[in-house]
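Subject: Structure for you to look at

Hi,

Here is the structure I promised to pass on. Please open it next to this email and follow along.

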Amino acid sequence: MSFEKKRKQLVEHLKKEGRIKTEKVEKAFLETPREFFVPDTLKNYAYVDTPLEIGMGQTISAPHMVAIMCEALDLHEKQRILEIGAGSGYHAAVVSKIVGEKGHVYSIERIKELVDFAKENIEKAGIKNVTIIEGDGSEGLPEYAPYDRIYVTCAAPDIPPPLIEQLKNSGKLLIPIGRTICELILLEKKDDKIKTTNLGGCAFVPLLGKYGHQSL
Ligand code: SAM
């Protein structure tokens with residue numbers, strides 16, 4: 001079966017499960033070739049709804065988790081987005097399709113090998129509105145702040161204060177809190193008031209760095 005057909009089947013599955021709820025997220029999934037973002041040896045598993053190893057002890061998130069996070073963030077065209085934890089670049093690629101050419105995704109990754117992997121994959125997919133940067137994302141990325149949306153793809157001990165500071169008024173921040181087994185927290189900032197909602201349990205590799213866990 002072709003990758004395109006497998007992609008369509010996965011999208012149907014994610015819709016049936018209630019993970020993909022909106023047309024814009026469905027369209028972004030259909031336009032993003034996950035097979036470009038996994039190691040060659042795992043390409044046949046690119047459309048299985050599971051995380052996959054991408055090297056350096058890290059994983060590309062499961063498609064259902066990418067869908068849940070895209071829907072929860074309520075993404076729109078032209079938005080400026082910050083992602084912490086680029087990994088393979090897949091999640092950033094999906095988000096880039098939703099924010100469109102006039103929007104931009106900045107993604108920070110702490111592991112140099114994965115920075116190179118994500119950059120290569122983004123280029124292969126012909127995506128121009130994603131910038132992958134090497135660094136400690138627990139401190140955010142002040143250079144391009146403030147952001148309409150910030151999301152973290154690894155589990156933090158707590159919400160790093162710089163991420164709240166770098167969020168626009170009326171912005172949304174999505175972050176797994178815990179260690180491996182964690183809870184997905186949505187933070188909304190409105191006129192300097194902060195509201196948080198627990199969206200439920202999830203599993204992520206740990207966020208390291210200044211405001212992260214101190215070891216793997
Ligand atoms: N979004 C990715 C994708 O689509 O492939 C999956 C990301 S993976 C689950 C989490 C990533 O967060 C790992 O690549 C890990 O190296 C990275 N990470 C952990 N702590 C970090 C930090 N302080 N700054 C930046 N990246 C970090």
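Start with strands β6 and β7. Strand β6 covers residues 147-152, and strand β7 covers residues 167-179. The two pair in the parallel sense, over four bridges. To find the pairing on screen, pick Tyr147: Leu167 in β7 stands opposite. Keep in mind that this is a predicted model.

Now move along to the next partner of β7. Strand β8 spans residues 181-190. β7 and β8 run antiparallel, and eight bridges join them. β7 and β8 form a hairpin, with one residue between them. Look at Thr180 in that turn: its phi is positive, about 65 degrees.

Next, go to Thr32. Where does Thr32 sit? Its place is the loop between α2 (23-31) and β1 (52-55). Is Thr32 buried or exposed? Buried counts as under 20% relative accessible area. Thr32 has a relative accessible area of 0%, so Thr32 is buried.

What does Thr32 touch, leaving out residues up to four places away in sequence? The list is Arg7, Phe37, Tyr47, Tyr90, Ala93, Val94 and Lys97. There is also a polar atom to check. One in the side chain of Thr32 lies 2.6 Å from the backbone oxygen of Ala28.

The largest pocket holds about 570 Å³ of space. Of the 36 residues that line this pocket, Thr59, Thr153, Cys154, Phe204 and Val205 are the closest to its centre. Several elements each give at least two residues to the lining of the largest pocket: β2 (58-60), α3 (63-73), β3 (80-84), α4 (90-99) and β4 (104-109). By class, that lining has 19 nonpolar, 13 polar and four charged residues.

The second largest pocket has a volume of about 150 Å³. Which residues line the second largest pocket? They are Glu31, Ser96, Lys97, Gly100, Glu101, Gly126, Ile127, Lys128 and Asn129. By class, this lining has one nonpolar, four polar and four charged residues.

Best wishes

How values were computed:
Residues are numbered from 1 along each chain as its sequence is written. This is a predicted model: local features need pLDDT of at least 70, side-chain atom pairs count only at pLDDT 80 or more; totals for chains, interfaces and linings use all residues. Side-chain values use heavy atoms; hydrogens and water are left out. Two strands pair if DSSP finds at least two bridges between them. Buried means under 20% relative accessible area, exposed over 50%, partly exposed in between (1.4 Å probe, protein chains only). A polar contact is a pair of N or O atoms within 3.5 Å; within protein, one must be able to donate a hydrogen and the other to accept it, and residues adjacent in sequence count only if both atoms are side-chain atoms. Contact means heavy atoms within 4.5 Å. On a 1 Å grid over the protein atoms alone, a cavity is a set of points where a 1.4 Å probe fits but cannot get out, and a pocket is an open set with protein on both sides within 12 Å along at least five of seven lines; lining residues have an atom within 4 Å of a point. Grid points are joined across faces, edges and corners, and a volume is the space filled by probe spheres set on the points. Ala, Val, Leu, Ile, Met, Phe, Trp, Tyr, Cys and Pro count as nonpolar, Asp, Glu, Lys and Arg as charged, and the others, Gly among them, as polar.
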